[in-house]
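Student: Could we go through this model together? I would like to begin with its sheet and then turn to a helix.

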Amino acid sequence: MPEMKVVVDAAGRPVDVHEVITKEANWLIEEYMLLANRSVAEYIATSGRFDGRQDKNAKTFVYRIHGEPNSEKIAGLGEFVHSFGYKLGATDNGRDIAKESKGKPECDAFQMLALRSMAKAIYSTDNIGHYGLNFKFYTHFTSPIRRYPDTMVHRLLAMYLDNAESQSKEYYEQQCQHASEREQIAANAERDSTKYKLIEFMQDKVGREYSGIISGLTDWGMYVEIEPTMIEGMVALRDIKSDFYEFDEEKYQLAGKRTHKVKIRVKATNLEQRLLDYELVDDAAAKGGTAALGPDGDSVTVAPSGNSPKARSRASYKKRKK
């Protein structure tokens with residue numbers, strides 16, 4: 001999913017929102033960072049053998065771990081992708097599905113649901129591997145200037161290279177728990193501040209119409225990201241006057257008597273509560289857009305005007321049988 005950047009002026013007011021473009025050089029650096037993190041973790045965990053086997057007597061260390069996903073959510077993901085004619089691979093992590101569906105309308109929905117099924121990565125002195133990266137050993141080593149866990153890793157590594165004894169597991173586990181908690185708080189603060197600026201950017205755009213991408217479904221409405229800024233807002237079901245919808249959480253669908261092309265109008269902004277409301281444009285069908293039958297012959301994947309993958313819906317609607 002694309003990363004969006006908010007550009008502000010000298011007074012801190014948002015003036016533009018655009019996609020952050022990553023190139024081959026960025027990917028190369030990222031690969032080297034992953035390799036460094038992985039190598040340092042394996043060096044300590046295997047007591048320098050690099051044989052892929054965890055040493056039961058390995059010295060205390062700070063690992064970045066990621067547990068296996070929620071089995072019920074994975075089962076739900078399996079049912080969802082199966083309705084599109086796909087099947088989860090043996091690892092049940094969605095990587096094969098992501099590759100197979102790349103560039104297709106359903107790809108974004110698959111990625112979003114796969115992410116929601118995943119556990120959160122945390123810091124710990126007990127190494128269980130990193131499920132998301134499919135690494136048996138992993139830590140955060142490359143950014144001590146901006147992450148305290150990396151600083152702990154550097155200190156421990158320096159001591160052990162100097163033949164120091166294993167450090168207190170209890171102490172470092174407490175530090176890991178604290179770092180994991182603060183990381184989540186920081187992530188929430190970053191997300192809230194970005195959302196604040198995005199809503200501030202949309203304040204003078206109330207009444208404008210945009211093509212949108214359905215980015216989420218709940219029992220009270222649908223989340224829509226508008227193009228090209230990918231700014232997300234809520235279309236409340238109570239505001240959809242032209243049809244009656246029911247949310248099927250298990251199948252991740254909104255069921256209605258008929259389907260709609262996704263075109264929205266900015267309805268309202270609330271900067272204090274960080275809320276952005278959209279409403280569907282009733283005559284969207286007359287203004288263009290495409291609709292394609294899903295694999296079961298009874299569902300419809302809806303897309304706004306445009307043929308690019310980004311311009312296609314991330315969710316499906318299912319026509320209720322009469």
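**The barrel and a helix**

Tutor: In this predicted model, five strands form a closed barrel in the order 5-6-7-11-10, with mixed pairing. Neighbouring strands of this sheet are turned by 45° against each other on average, direction ignored.

Student: How many bridges join strand 6 to strand 7?

Tutor: Five bridges join strand 6 (residues 221–226) to strand 7 (residues 232–236), and the two run antiparallel. Glu225 has Glu232 of strand 7 as its bridge partner.

Student: And in which sense do strand 7 and strand 11 pair, parallel or antiparallel?

Tutor: They pair in the parallel sense, over two bridges. Met234 has its bridge partner in strand 11, namely Asp277.

Student: What joins strand 10 to strand 11?

Tutor: Six bridges join strand 10 (residues 263–270) to strand 11, and these strands run antiparallel. Arg265 stands opposite Glu279 in strand 11. The two strands form a hairpin with four residues between them, and Arg274 in the turn has a positive phi of about 55°.

Student: Which residues are on the covered face of strand 11?

Tutor: Leu276, Tyr278 and Leu280 make up the covered face of strand 11 (residues 275–280), whereas Leu275, Asp277 and Glu279 lie on the uncovered one.

Student: Now the helix: which residues of helix 2 are buried?

Tutor: Ile74, Leu77, Phe80 and Val81 are buried in helix 2. Seen down the helix axis, the buried residues fall within an arc of 120°, so they line one face of helix 2.

Student: What does the face turned away from the buried side carry?

Tutor: That face of helix 2 carries the exposed residues Ser71, Glu72 and His82.

Technical notes
Residues are numbered from 1 along each chain as its sequence is written. This is a predicted model: local features need pLDDT of at least 70, side-chain atom pairs count only at pLDDT 80 or more; totals for chains, interfaces and linings use all residues. Side-chain values use heavy atoms; hydrogens and water are left out. Two strands pair if DSSP finds at least two bridges between them. Axes are lines fitted to C-alpha atoms, for helices over the stretch in contact, and angles run from 0 to 180 degrees between N-to-C directions. Buried means under 20% relative accessible area, exposed over 50%, partly exposed in between (1.4 Å probe, protein chains only). The arc is that of the directions from the helix axis to the C-beta atoms.
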